[in-house]
Amino acid sequence: MNFAFVIALTFCICTASTAFNIEKRSGWWRNFLFICALAAGQGLMYWLGSLLGGTFMNRFEGFAKVIVFILCFMIAFRMILDTLKIKSGKNLFLIDKPKQLIILSIALGINTLIAGLIADAAFLPLFGKITPLYIIGISLIWGFIGIGTKFSQTKLLINSLLNIAAALAVLATGFVAIF
């Protein structure tokens with residue numbers, strides 16, 4: 001279940017990298033560096049979330065199951081809202097400057113930051129201290145899938161469908177945690 005959660009959590013990288021290969025001037029190396037930056041941002045945001053959660057989440061250990069469900073619901077809700085943007089094409093990101101890449105990386109990392117809050121053993125520890133490495137690795141795979149497939153309206157529809165499936169997988173993790 002942990003592996004499915006991480007796969008679902010990092011799907012946003014595939015969606016964000018959809019527009020990277022629209023422009024013909026963007027070379028493969030440039031897209032590769034963009035994907036690496038987004039994947040590193042995912043891992044960093046999870047790690048920051050786990051540091052932040054480690055400072056105060058121990059006070060909520062009595063409500064661990066409910067907290068995990070609530071935060072999984074929050075992540076799934078954000079993913080469903082993103083799905084509406086994907087379908088309409090509003091979630092296409094064309095990056096010209098490094099500052100835009102940093103902002104995109106932070107925006108995409110909000111869900112992993114939220115997941116990092118519950119990284120403690122009493123909540124949802126996933127893979128322990130190496131979870132950020134798993135997140136980075138799976139993000140890279142999603143990014144390569146995103147830039148490796150040709151841009152089309154069908155791709156946007158498939159991304160929307162997969163984003164809904166990812167949101168349901170995150171929500172299922174919350175349900176499993178509560179029971």
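## Helix H7 and its buried side

In this predicted model, the buried residues of helix H7 are Thr131, Pro132, Ile135, Ile138, Ser139, Trp142, Gly143, Gly146 and Ile147. These buried residues pack against five helices: H1 (2-9), H2 (12-16), H3 (28-56), H6 (110-117) and H8 (153-178).

The helix itself runs over residues 131-148, 18 residues in total. From the first C-alpha to the last, H7 reaches 25 Å, close to the 26 Å expected at 1.5 Å a residue. In general, residues three or four places apart in an α-helix point the same way, because the helix has 3.6 residues a turn.

Phe3, Ile7, Ile130, Leu133 and Tyr134 make a nonpolar surface patch of about 450 Å². Helices H1 and H7 each supply at least two residues of this patch.

Ile130, also part of the patch, is located in the loop between H6 and H7. Its relative accessible area is 43%, so Ile130 counts as partly exposed. Phe3, another patch residue, is likewise assigned a relative accessibility of 43% and is therefore partly exposed.

## Aromatic pairs

How many aromatic pairs does the structure hold? There are 8. One of them joins Phe3 and Phe127 in an edge-to-face arrangement, with 6.4 Å centre to centre and 75 degrees between the planes. Phe3 belongs to helix H1 and Phe127 to the loop between H6 and H7, so this pair ties together parts that are 124 residues apart in sequence. Phe127 is partly exposed, with a relative accessible area of 25%.

Phe11 and Trp142 form another aromatic pair, also edge-to-face, at 4.8 Å centre to centre and 90 degrees between the planes. Because Phe11 lies in the loop between H1 and H2 while Trp142 lies in helix H7, the pair links parts that are 131 residues apart in sequence. Is Phe11 buried or exposed? Phe11 is buried, with a relative accessible area of 1%. Trp142 is buried as well, with a relative accessible area of 16%.

## Where patch and rings meet

Phe3, Phe127 and Tyr134 form one aromatic cluster. Trp142, by contrast, is listed among the buried residues of H7, and its ring pairs with that of Phe11.

Note on methods. Residues are numbered from 1 along each chain as its sequence is written. This is a predicted model: local features need pLDDT of at least 70, side-chain atom pairs count only at pLDDT 80 or more; totals for chains, interfaces and linings use all residues. Side-chain values use heavy atoms; hydrogens and water are left out. Helices (H or I, at least four residues) and strands (E, at least two) are DSSP runs, numbered from the N terminus. The expected span of a helix is 1.5 Å times one less than its number of residues. Buried means under 20% relative accessible area, exposed over 50%, partly exposed in between (1.4 Å probe, protein chains only). Contact means heavy atoms within 4.5 Å. Patches are made of residues with over 30% relative accessible area and no salt bridge: like charges are joined within 9 Å, nonpolar side chains (Val, Leu, Ile, Met, Phe, Trp, Tyr) within 5 Å. Accessible areas come from the Shrake-Rupley method with a 1.4 Å probe; for residues, only the protein chains shown count as cover. A salt bridge is a side-chain nitrogen of Lys or Arg within 4 Å of a carboxyl oxygen of Asp or Glu. Rings of Phe, Tyr and Trp (its six-membered ring) pair if their centres lie within 6.5 Å; planes under 30 degrees apart count as stacked, over 60 as edge-to-face and the rest as tilted.
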